[in-house]
Amino acid sequence: MAKTRLLFEYSEAEDRSIRLGLFLMACGVLSLFILGFCWLSPALHSLHSKSANCTVVSVLRAEETFACVFTCGAACKGTSLYPCLQVFVNNSESSTLALLHFDEHQLLLNPKCSYVPSCERDNQKNRESVLRWEEYFSRQVSGQSFTCFFNQHRRPDDVLWRRSHDASVLLHCMLWPVAALLLGALIVLLTVCAHSLAMRAEELQSRKCTYRPCREVAVATTTRKPSDTNSDLELLSLSRPLFYVRRREREH
């Protein structure tokens, strides 16, 4: 019973490989849930928006200013101001006037403005950043049609200039967790298969050695000394002619 019980136990290396496989499987499942809630859901909402052709109708700079939070170190944080730029476009799909936004992140950050600059400590730098985009939409984009994105069911009065997420986000959100899950399952499966094969080989070897001749040979080979083997060879060489003589007498 002790031998059969030891056969079913895993070695230390096998135990470590199984733990590694289970850890990878747990990480794959956990990362799939985390990425699904953090990245996959916004990406799906972004991909639901349809593409259309937009034309700039007017570019306005509202008198109202908005505050943004800037950071200048670990314990340094403050607020600064930036002007509000509003770009109204004509949507070809719905034929309505809509407010253009840079992307979904800026739409959620400030739905009243088309562009939210990266917050700087100096208000003048924020103003210059907004003025550059005002000049771009007033001179270069004005009168030209460009591709925009809109979601008629969620925000029919807002359009996006760029998407925050694309199909590559979906690929990465699904590829790496599934790869970790499959790799962990493969490690566990190979470890269990290797252990079962080794266990069967030991069982077959133990069955072969249950016969008496096998035991005698095993005992003889383990207890025999080099001097005994030399003496056996000498006796075999001396007894060989006598065996030949007796065989000839029987034949006659």
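Me: Which residue lies over the face of Trp161?
Reply: That's Arg162, at 4.7 Å from the ring centre. A charge counts as over a ring if NZ of Lys or CZ of Arg is within 6 Å of the ring centre and within 35 degrees of the ring normal. Keep in mind that this is a predicted model: local features need pLDDT of at least 70, side-chain atom pairs count only at pLDDT 80 or more, and totals for chains, interfaces and linings use all residues. Residues are numbered from 1 along each chain as its sequence is written, and side-chain values use heavy atoms, with hydrogens and water left out.

Me: OK, rings. Which residues do ring pairs link into a cluster with Trp161?
Reply: Phe102, Tyr115, Trp133, Tyr136 and Phe137 are linked with Trp161. Rings of Phe, Tyr and Trp (its six-membered ring) pair if their centres lie within 6.5 Å; planes under 30 degrees apart are stacked, over 60 edge-to-face, and the rest tilted.

Me: How many aromatic pairs are there by that rule?
Reply: The count is 11. One of them is Phe102 with Tyr115, which is edge-to-face at 6.0 Å centre to centre, with 70° between the planes.

Me: And is Tyr115 buried or exposed?
Reply: Buried, at 11% relative accessible area. The cut-offs are under 20% for buried, over 50% for exposed, and partly exposed in between (1.4 Å probe, protein chains only). Phe102 is buried too, at 16%.

Me: Switching topic: which residues touch the most other members of the largest nonpolar core?
Reply: Among them are Val56, Leu100 and Phe146, in a core of 18 residues. A nonpolar core here is a set of buried Ala, Val, Leu, Ile, Met, Phe, Trp, Tyr and Cys residues joined through side-chain atoms within 4.5 Å.

Me: What does Leu100 touch?
Reply: Its contacts include Val87, Phe137, Phe146 and Trp161, not counting residues up to four places away in sequence. Contact means heavy atoms within 4.5 Å.

Me: Why is strand 4 largely enclosed by the rest of the structure?
Reply: Because five of its seven residues are buried. Strands (E, at least two residues) and helices (H or I, at least four) are DSSP runs, numbered from the N terminus.

Me: How does strand 1 pair with strand 4?
Reply: In the antiparallel sense, over six bridges. Two strands pair if DSSP finds at least two bridges between them. Thr55 stands opposite Ser145 in strand 4.

Me: What about strand 4 and strand 5, what do they form?
Reply: A hairpin, with three residues between them. Three bridges join these antiparallel strands, and Phe149 has Leu160 in strand 5 as its bridge partner.
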